[in-house]
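Here is a short briefing on one protein chain. Start with the sequence and the structure shown below.

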Amino acid sequence: MTKSRKVIMLKENHLFARAYRKGRCFSGKNVAVYTMRNYTGQGTLLGITVSKSRGNAVKRNRAKRIIREAYRAFHPFVKQGFIIVIVARQPCIEAHVSVVTSELGELLERAALLDE
């Protein structure tokens with residue numbers, strides 16, 4: 001495996017909203033993935049969201065850490081030039097990292113975001 005590039009996090013609310021509105025959605029049991037082209041030329045941006053209805057701050061932060069770790073396994077193989085927003089669903093709060101990693105890999109493959 002080659003040395004990985006740094007994950008660039010998505011922080012602007014208008015880009016999250018644009019991904020929800022105009023992006024394609026791929027959903028699974030634990031996470032949903034919204035993707036769209038990034039025309040700003042900043043490479044691939046990753047955003048992670050967990051709704052307040054999923055639990056208190058401890059549970060939400062745990063879910064974000066699990067998703068971040070799951071994405072880290074695929075980051076070197078993700079195509080450049082996309083905005084990816086990963087939304088945690090309720091089962092993700094209690095799920096193990098390996099379960100979320102395998103599901104995220106399937107969703108990224110279905111979205112055609114992984115290099116061959």
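Leaving aside its neighbours within four places in sequence, which residues is Leu10 in contact with? Leu10 is in contact with Leu15, Phe16, Leu45, Leu46, Gly47, Ile83 and Val85. The model is a predicted one.

**Overall build**

- The protein has three helices and five strands.
- Read from the N terminus, the order of elements is β-α-β-β-β-α-β-α.
- The radius of gyration is 13 Å, close to the 13 Å that the globule rule gives for 116 residues, so the protein is as compact as a globular protein of that length.
- Along the principal axes, the C-alpha atoms fill a box of roughly 35 × 35 × 25 Å.
- Of the contacts between residues at least 6 apart in sequence, 82% join residues at least 24 apart.

**Burial, surface and charge**

- Of the 116 residues in the protein, 45% are buried.
- The protein carries 22 positive and 8 negative charges.
- The mean position of the positive charges lies 10 Å from that of the negative charges.

**The sheet as a whole**

- Five strands form an open sheet with mixed pairing.
- The strand order across the sheet is E1-E4-E5-E3-E2.
- E1 and E2 stand at the edges with a single partner strand each, so one side of each is left without a neighbour in the sheet.
- In a regular strand the side chains alternate between the two faces of the sheet.

- Strand E1 covers residues 8–9 and runs parallel to E4, joined to it by two bridges.
- Met9 stands opposite Leu46 in E4.
- Leu46 also stands opposite Ile84 in E5.
- E4 and E5 are paired in the parallel sense, over five bridges.
- Strand E4 spans residues 45–49, and four of its five residues are buried, so the strand is largely enclosed by the rest of the structure.

**The antiparallel part: E5, E3 and E2**

- E3 pairs with strand E5 (residues 82–88) in the antiparallel sense, over seven bridges.
- On its other pairing, E3 meets strand E2 (residues 24–27), again antiparallel, over four bridges.
- The link from E2 to E3 is a hairpin through three residues.
- Ala32 of E3 is the bridge partner of Ser27.
- Ala32 also has a bridge partner in E5, namely Val87.
- Strand E3 spans residues 31–37, and five of its seven residues are buried, so the strand is largely enclosed by the rest of the structure.

**Leu10, in a loop**

- Where is Leu10 placed? Leu10 lies in the loop between E1 and helix H1 (13–22).
- Leu10 has a relative accessible area of 5%, which means that the residue counts as buried, since buried means under 20%.
- Among the contacts of Leu10 are Leu45, Leu46 and Gly47.
- Ile83 and Val85 are also among the contacts of Leu10.
- Leu10 and Ile48 are 38 residues apart in sequence, and their C-alpha atoms are 8.1 Å apart in space.

**Ile66, in a helix**

- Ile66 sits in helix H2, which covers residues 57–74.
- Is Ile66 buried or exposed? Ile66 is buried, and its relative accessible area is 5%.
- Not counting residues up to four places away in sequence, Ile66 touches Cys92, Ala95, Val97 and Val100.
- Ile66 and Cys92 are 26 residues apart along the chain, with 8.4 Å between their C-alpha atoms.

- Ala112 is found in the segment after helix H3 (97–110).
- What is phi of Ala112 near? Phi of Ala112 is near 60°, a positive value in a residue other than glycine.
- Most residues other than glycine have a negative phi.
- The relative accessibility of Ala112 is 45%, so the residue counts as partly exposed.

Methods: Residues are numbered from 1 along each chain as its sequence is written. This is a predicted model: local features need pLDDT of at least 70, side-chain atom pairs count only at pLDDT 80 or more; totals for chains, interfaces and linings use all residues. Side-chain values use heavy atoms; hydrogens and water are left out. The radius of gyration is taken over C-alpha atoms; the globule rule is 2.2 Å times the number of residues to the power 0.38. Buried means under 20% relative accessible area, exposed over 50%, partly exposed in between (1.4 Å probe, protein chains only). Contact means heavy atoms within 4.5 Å. Lys and Arg count as positive and Asp and Glu as negative; His and the chain ends are not counted. The place of a charge is taken as NZ of Lys, CZ of Arg, CG of Asp or CD of Glu. Two strands pair if DSSP finds at least two bridges between them.
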